[in-house]
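Here is a short tour of a protein model, written for someone who likes to know the cut-offs behind each term. Please keep the viewer open while you read.

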Amino acid sequence: MKGNKCEMCGYNKNYTALCFHHLNPDTKLFKLDARNCSNKKFETLLIEANKCQLLCHNCHMETHYPDAILT
């Protein structure tokens, strides 16, 4: 799904290091995590995943906190 790699940097070594980043938080119905994935219909999960980018945790944090640069 989503190319099986981070859409920003291309990381693809370990799938547990990848997460879904909602592009528009206002349209987010639920978090795509293990609990929700086991309790929702596949079609519902696909709709929510299509609102997201697949990012590695590093790129995800840099997206949320762009000014937290180490000096």
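Helices and strands here are DSSP runs (H or I, at least four residues, for a helix; E, at least two, for a strand), numbered from the N terminus. Buried means under 20% relative accessible area, exposed over 50%, and partly exposed in between, with a 1.4 Å probe and protein chains only.

Helix α2 spans residues 42-49, and L45, E48 and A49 are its buried residues. Seen down the axis of α2, these buried residues fall within an arc of 100°, so they line one face of the helix; the arc is that of the directions from the helix axis to the C-beta atoms. On the other side of α2, E43 and I47 are exposed.

## Model and overall layout

This is a predicted model, in which local features need pLDDT of at least 70 and side-chain atom pairs count only at pLDDT 80 or more, while totals for chains, interfaces and linings use all residues. Residues are numbered from 1 along each chain as its sequence is written, and side-chain values use heavy atoms, with hydrogens and water left out.

The protein chain has three helices and two strands, in the order β-α-α-β-α from the N terminus on. Its C-alpha atoms fill a box of roughly 45 × 30 × 20 Å, taken along the principal axes. Of the 71 residues in the protein chain, 25% are buried. Taking contact to mean heavy atoms within 4.5 Å, residues 24 or more positions apart account for 66% of the contacts with a separation of 6 or more.

## Two nonpolar cores

A nonpolar core is a set of buried Ala, Val, Leu, Ile, Met, Phe, Trp, Tyr and Cys residues joined through side-chain atoms within 4.5 Å. The largest one has six residues: C6, L18, L54, L55, C56 and C59. Strand β2 (residues 52-56) gives the most to this core, with three residues. Leaving aside neighbours within four places in sequence, L18 is in contact with N4, K5, C6, Y11, L54, L55, C56 and H57.

A second, separate core has five residues, including F30, L32, L45 and A49. The charged end of K40 sits over the ring of F30, 4.8 Å from its centre; the criterion is NZ of Lys or CZ of Arg within 6 Å of the ring centre and within 35 degrees of the ring normal.

H22 is buried, with a relative accessible area of 8%, and H21 is buried at 9%. Which side chain makes a polar contact with that of H22? The partner is E48, at 2.8 Å. A polar contact is a pair of N or O atoms within 3.5 Å; within protein, one must be able to donate a hydrogen and the other to accept it, and residues adjacent in sequence count only if both atoms are side-chain atoms. The side chains of H21 and H64 are joined by a polar contact of 3.3 Å.

L23 sits in the loop between β1 and α1 and is exposed, with a relative accessible area of 54%. L23 and C52 are 29 residues apart in sequence, yet 5.4 Å apart in space, C-alpha to C-alpha. Not counting residues up to four places away in sequence, L23 touches K51, C52 and Q53.
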